[in-house]
Amino acid sequence: MLKQLLARKTDFSDADDSHGGPSLRRTLGPWGVTALGIGAVIGTGIFVVTGQAAAEHAGPAVLMSFILAAICSGFTALCYAEFATLIPISGSSYSYAYATLGEMVAWFIGWNMVLEYGISASAVAASWTGYFTSLLDHVGIHLPIALTEAPLAFTNGHLVTTGHIMNLPAVAIVLALTWLCYVGIRESSGLNVLMVALKVGLIIVVVVAGYRYVDPANWHPFIPAEQGPGKYGWSGIMRGAAMVFFAYIGFEATSTAAQECKNPQKDLPFGTLVSLVICTVLYLAMAAVLTGLISYTELGTSEPVVTAIRAHPELGWLRLVVEIGALIGLSSVILVMIIAQPRIFMIMSRDGLLPPVFNRIHPKHRTPHLNTLITGAGIAILAALFPLDLLADLTSMGTLIAFVAVCAGVLILRYTSPELPRLFRVPAAWLICPAGVISCVALLSFMAWFNWLLMITWTVIGLAIYFGYGVRHSKLRQRL
């Protein structure tokens with residue numbers, strides 16, 4: 001048993017096909033991969049989390065929170081880029097952990113990636129509703145609050161009922177995008193490229209137009225006095241960094257599309273690093289404008305960009321632009337997450353750790369169709385029932401844990417398999433890899449105790465599935 005738990009997978013030749021059945025279609029080039037990264041990153045972070053992190057934790061110093069989160073993500077992005085040239089398959093950090101840290105750690109990472117992709121899509125869908133209802137209000141249509149709010153809320157460390165029925169718009173957008181992902185990667189990627197181009201253009205319009213009305217007085221004090229653990233001061237900046245880290249989740253989603261890249265060894269490093277740089281610049285610009293347009297204390301709403309614009313009547317024309325841009329941006333994030341999650345399940349199923357149903361490929365559309373439907377249904381249920389803040393923190397925790405494994409894995413593989421060809425190498429790996437691990441652990445340490453309790457519960461459920469099914473059906477165990 002111990003031998004199996006620590007066994008590493010070194011042969012990934014079986015990951016490129018479905019045992020003689022239909023395979024995934026290779027249609028993505030370097031800019032298609034970059035668009036996937038930007039599509040996954042620019043969404044809730046820039047349209048929702050920026051304002052909440054400023055109002056609740058960091059104040060105007062949310063810019064420093066973004067920089068710290070970007071540094072942490074940068075270390076990890078370099079490690080993902082090296083792994084992508086070594087193991088160019090769709091498993092992302094799950095496959096990387098399998099090759100370096102053993103089967104049980106790989107399962108743990110793969111299970112946490114359900115948090116990163118599945119639950120993050122639910123969080124984004126929940127925030128999509130805020131801008132959707134704002135747009136409807138703009139044209140005189142008002143949905144009943146019972147159909148736009150989650151029936152559960154997180155208050156004072158407890159999960160309570162709100163009396164609402166469900167977040168119906170979130171369910172609707174998830175199901176619509178699930179159908180698109182069911183149809184095919186070419187159609188999904190084409191729509192994503194269009195949405196990315198539109199939302200980046202709209203963000204630039206907001207930044208340029210809003211900058212004229214920025215009042216520097218709103219940036220003072222830049223670091224407000226500390227009012228408690230995690231609220232303002234340096235502890236607030238760090239807690240804000242842990243929160244806005246959610247905004248960077250998705251740049252590594254490019255690695256989940258490895259088997260649909262024309263040249264994964266070159267396209268994946270390019271797409272991962274370029275998308276992260278572009279998104280960081282846009283985040284900092286938007287955060288600076290938001291906190292300059294209005295006091296940071298007023299940004300803790302479900303649509304902070306609209307809130308800031310309302311404070312300046314002369315920018316009234318921009319509200320419609322923001323609402324449309326937010327809906328496009330958030331939709332593209334949900335789309336990429338629904339593309340990514342089924343492919344993680346698919347690779348885990350091919351390894352025998354999940355049932356074969358997760359590995360079926362549609363003969364016409366060449367997509368993991370049943371897997372996509374299962375993922376979409378799960379995301380829709382979570383988006384309908386749970387609040388954004390709880391989903392966002394859980395997503396960040398799952399992602400940070402996966403990032404720790406990737407950063408450590410690069411260094412381990414440098415010593416255990418130095419002979420492997422690496423088309424991209426992490427510069428100064430002896431420094432970058434430990435720095436990535438330390439920065440991820442530092443952000444984890446600022447998470448609330450309730451999030452840790454939920455993470456432990458999630459882990460116990462995952463281990464029950466692994467020991468109840470995965471251990472007995474593992475393909476690696478059969479070879480051993």
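Mentor: First, a definition: a residue is buried when its relative accessible area is under 20%, and exposed when that area is over 50%. Keep in mind that this is a predicted model.

Trainee: Is Cys407 buried or exposed?

Mentor: The cut-off for burial is under 20% relative accessible area. Cys407 has a relative accessible area of 1%. Cys407 is therefore buried.

Trainee: How many disulfides does the structure hold?

Mentor: The count of disulfides is zero. Take Cys72 as one case: the nearest cysteine sulfur, in Cys440, is 3.5 Å away, and Cys72 is in no disulfide. Cys72 is also buried, at 1% relative accessible area. As for the number of disulfides, the answer is zero.

Trainee: Now the charged pairs. Which residue forms a salt bridge with Glu82?

Mentor: Side chains of opposite charge can pair when their charged atoms come close. For Glu82, the closest N and O atoms of the salt bridge are 2.8 Å apart. Both residues of the pair are buried. The partner is Arg414.

Trainee: How many residues apart are Glu82 and Arg414?

Mentor: Glu82 sits in helix α4, residues 62-86. Arg414 sits in helix α14, residues 388-416. The pair links distant parts of the chain, and the separation is 332 residues.

Trainee: Which helix holds both Arg319 and Glu323?

Mentor: Arg319 and Glu323 form a salt bridge, with the closest N and O atoms 2.7 Å apart. Both are buried. They are four residues apart, about one turn of the helix. That helix is α12, residues 316-350.

Trainee: Last, Ala150. Where is Ala150 found?

Mentor: Ala150 is buried, with a relative accessible area of 10%. Not counting residues up to four places away in sequence, Ala150 touches residues including Thr162, His164 and Pro387. Ala150 belongs to the loop between α6 (103-138) and β1 (152-155).

Trainee: What distance separates the C-alpha atoms of Ala150 and Leu168?

Mentor: Along the chain, Ala150 and Leu168 are 18 residues apart.

Technical notes
Residues numbered from 1 in each chain as written. Predicted model: local features only at pLDDT ≥ 70, side-chain atom pairs only at ≥ 80, totals over all residues. Heavy atoms only, no water. Salt bridge = Lys/Arg side-chain N within 4 Å of Asp/Glu carboxyl O. Helix = DSSP H or I, 4+ residues; strand = E, 2+ residues; numbered from the N terminus. Buried < 20%, exposed > 50% of the residue type's maximum accessible area, 1.4 Å probe, protein only. Disulfide = S-S within 2.5 Å. Contact = heavy atoms within 4.5 Å.
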